[in-house]
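Let's walk through this one together, starting with the overall fold and ending on a single side chain.

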Amino acid sequence: MAARNVMRIKCLCEWQRCALRGARPLVRYASSSSQSGQPTPPPDMVIPVPPYKAREGEDVATKRARLLYQSRKRGILENGLLLSSFAQDNLPTFTLEQLDMYDHLINQLENDWDLYYCMTGKEVAPEGFDNDIMSMLKEHARNVNKEKRYFQPELYK
């Protein structure tokens, strides 16, 4: 049983490496390709992303602190820079409803690149995500005042 799981992990890693560089994996699968001819892993080898669950009973100060932390620790540097400076400027003045919208926005999108492209205007925000907070994020990403955002802002001033 353990050897079978190790083999699945090796196959998955090989498949991911090949998919990233656009090559076919060396490992052969029973259903080795999709309609487009691209290799597809068996269904039991795909690691599912668990759905985000909103936190119940969280007080406002804890929610602000959590959202500030989550704004700084993103999957890509671009989002970390944009969201951390946005959070520092806006989270202290957000109402509970705005905090909930921001929480939904940064935690519900499955891919950080989707969020980045929506903020910068390269893609249209999906239904349910195009709200006041997304408008504020788009305005912040435009950077009309030409602020220098090379680093994340300090946590404590």
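Of the contacts in the protein with a separation of 6 or more, 55% are between residues 24 or more positions apart, a contact being heavy atoms within 4.5 Å. Bear in mind that this is a predicted model, where local features need pLDDT of at least 70 and side-chain atom pairs count only at pLDDT 80 or more, while totals for chains, interfaces and linings use all residues. Residues are numbered from 1 along each chain as its sequence is written, and side-chain values use heavy atoms, with hydrogens and water left out.

There are six helices and zero strands; helices are DSSP runs of H or I with at least four residues, strands are E runs with at least two, and both are numbered from the N terminus. Of the 157 residues, 32% are buried, meaning under 20% relative accessible area with a 1.4 Å probe, protein chains only.

Now for the inside. The largest nonpolar core has 20 residues; such a core is a set of buried Ala, Val, Leu, Ile, Met, Phe, Trp, Tyr and Cys residues joined through side-chain atoms within 4.5 Å. Tyr102 and Leu115 have the most contacts inside this core. Setting aside residues up to four places away in sequence, Leu115 touches Arg74, Asn79, Leu83, Leu105, Ile106, Leu109 and Met134.

Asn131 is buried, at 16% relative accessible area. Its side chain reaches the backbone nitrogen of Ile133 at 3.1 Å, and a polar atom of the Asn131 side chain lies 3.0 Å from the backbone nitrogen of Met134.

Conventions. Buried means under 20% relative accessible area, exposed over 50%, partly exposed in between (1.4 Å probe, protein chains only). A polar contact is a pair of N or O atoms within 3.5 Å; within protein, one must be able to donate a hydrogen and the other to accept it, and residues adjacent in sequence count only if both atoms are side-chain atoms.
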